[in-house]
Amino acid sequence: MSKEEIVNELQSWLTADDFAPNKEKVEGLTTEFNALREKTEQEQKEVFMQEGGEEAAFEYHADHDDSRFKELMDIYHDKRRAADKAKAESMNQN
């Protein structure tokens, strides 16, 4: 899967009517996304150094997918906290 495909899958899952937090799913998507991000960073670094740049001066330039993935992960964590809170309140009422 590409970074864009991972972002699209995450967004579809988060906006689904039957969304439920799933630690294994989010960890899998995060691991896959981070591996692709690291590959992109390495490619950027190689180009930078081929153009005469020094490794110590290299800075990764995040793309739209990096930013969107972070936003979606923030949404996931908010939804998970809300679900955990609702579950705790339900248990307290019983």
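Which residues is aspartate 66 in contact with, leaving aside its neighbours within four places in sequence? Point 2 gives the reply.

1. This is a predicted model, in which local features need pLDDT of at least 70 and side-chain atom pairs count only at pLDDT 80 or more, while totals for chains, interfaces and linings use all residues. Residues are numbered from 1 along each chain as its sequence is written, and side-chain values use heavy atoms, with hydrogens and water left out.

2. Aspartate 66 lies in helix 3; helices are DSSP runs (H or I, at least four residues) numbered from the N terminus. Apart from neighbours within four places in sequence, aspartate 66 is in contact with Lys3, Phe33, Arg37 and Tyr60, where contact means heavy atoms within 4.5 Å.

3. Aspartate 66 counts as buried because its relative accessibility is 10% (buried means under 20% relative accessible area, exposed over 50%, partly exposed in between, with a 1.4 Å probe and protein chains only). Its side chain makes a polar contact of 2.5 Å with the side chain of tyrosine 60. A polar contact is a pair of N or O atoms within 3.5 Å; within protein, one must be able to donate a hydrogen and the other to accept it, and residues adjacent in sequence count only if both atoms are side-chain atoms.

4. Helix 2 (residues 23-50) packs against helix 3 (residues 64-93) at about 160 degrees, with the axes 12 Å apart. Axes are lines fitted to C-alpha atoms, for helices over the stretch in contact, and angles run from 0 to 180 degrees between N-to-C directions. Helix 2 is therefore roughly antiparallel to helix 3 (over 145 degrees; under 35 is roughly parallel, 65 to 115 roughly perpendicular, and the rest oblique). The contact is made by Lys23, Val26, Leu29, Thr30, Phe33 and Arg37 of helix 2 with Asp65, Asp66, Phe69, Met73 and Tyr76 of helix 3.

5. The axes of helix 1 (residues 3-15) and helix 3 come within 10 Å and cross at roughly 25 degrees, so these two helices are roughly parallel to each other. Residues of helix 1 that meet helix 3 include Lys3, Val7 and Gln11, and those on the helix 3 side include Asp66 and Arg68.

6. Arginine 68 is also found in helix 3. Not counting residues up to four places away in sequence, arginine 68 touches Val7 and Gln11. The C-alpha atoms of arginine 68 and glutamine 11 are separated by 9.2 Å, although the two are 57 residues apart along the chain.
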